[in-house]
Amino acid sequence: MSSTPNVSDVSGVTPDGAAWLASAGTAPHGARTLWGERPDTPVVLPCGVVFDVVSVPAIFGRRMLDRLWEEGPGSGPVAEYRGRMLLFGAVGTAQRLPALLSWEEWGAHGSRTDGVPPLLCHGAGDAVTVPAPA
């Protein structure tokens, strides 16, 4: 049996994962209760408290995830919502990513000439809509 995680299983999130997401909000118990009563309800959560989010078009995001799992340690939590892939990262990621992209010569707004779309970075003071964990 392989120890590689099944990266194709994106059907939901664990209870611990839902608790982690909810912990970013001002009323974590409220979000978890809402998800328990209405499991298909998205919530708006602040960034820069528990996580930052890098948002990319879903197809590009899927390619990024496939490459991360093929060539390295994989990725942290991700979600897909309204055609965008949300990659959850450590607090401060949104602030540091533009400088890293510039250093890597990605040009303005994180776009390169090789077809990489603009990346949206959400950090302190921002909020993102997170799809329901089920």
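A residue is taken as buried when its relative accessible area is under 20%, and in this predicted model Ser-55, with a relative accessible area of 4%, is therefore buried. Ser-55 lies in strand E2, which spans residues 52-57. When residues up to four places away in sequence are left aside, the contacts of Ser-55 comprise Arg-84, Met-85 and Leu-86, together with Pro-118, Leu-119, Leu-120 and His-122.

The largest nonpolar core contains 18 residues, among which Leu-21, Trp-35, Phe-51, Val-53 and Phe-88 have the most contacts inside the core. At least two residues of this core are supplied by each of helix H1 (15-22), helix H2 (28-37), strand E1, strand E3 (78-81), strand E4 (84-89) and strand E6, and H1 gives the most, with three residues. In soluble globular proteins, nonpolar side chains tend to be buried together.

Trp-35 touches Ala-18, Leu-21 and Ala-22, as well as Thr-41, Val-43, Pro-131, Ala-132 and Pro-133, again with residues up to four places away in sequence not counted. Val-43, one of these contacts of Trp-35, stands opposite Val-130 in E6. Strand E1 (residues 43-46) and E6 run antiparallel and are joined by four bridges. Strand E6 (residues 127-130) presents two faces, of which the covered one carries Val-128 and Val-130, whereas the uncovered one carries Ala-127 and Thr-129.

Key: Residues numbered from 1 in each chain as written. Predicted model: local features only at pLDDT ≥ 70, side-chain atom pairs only at ≥ 80, totals over all residues. Heavy atoms only, no water. Buried < 20%, exposed > 50% of the residue type's maximum accessible area, 1.4 Å probe, protein only. Pairing = 2+ DSSP bridges. Contact = heavy atoms within 4.5 Å. Core = buried A, V, L, I, M, F, W, Y, C linked by side-chain atoms within 4.5 Å.
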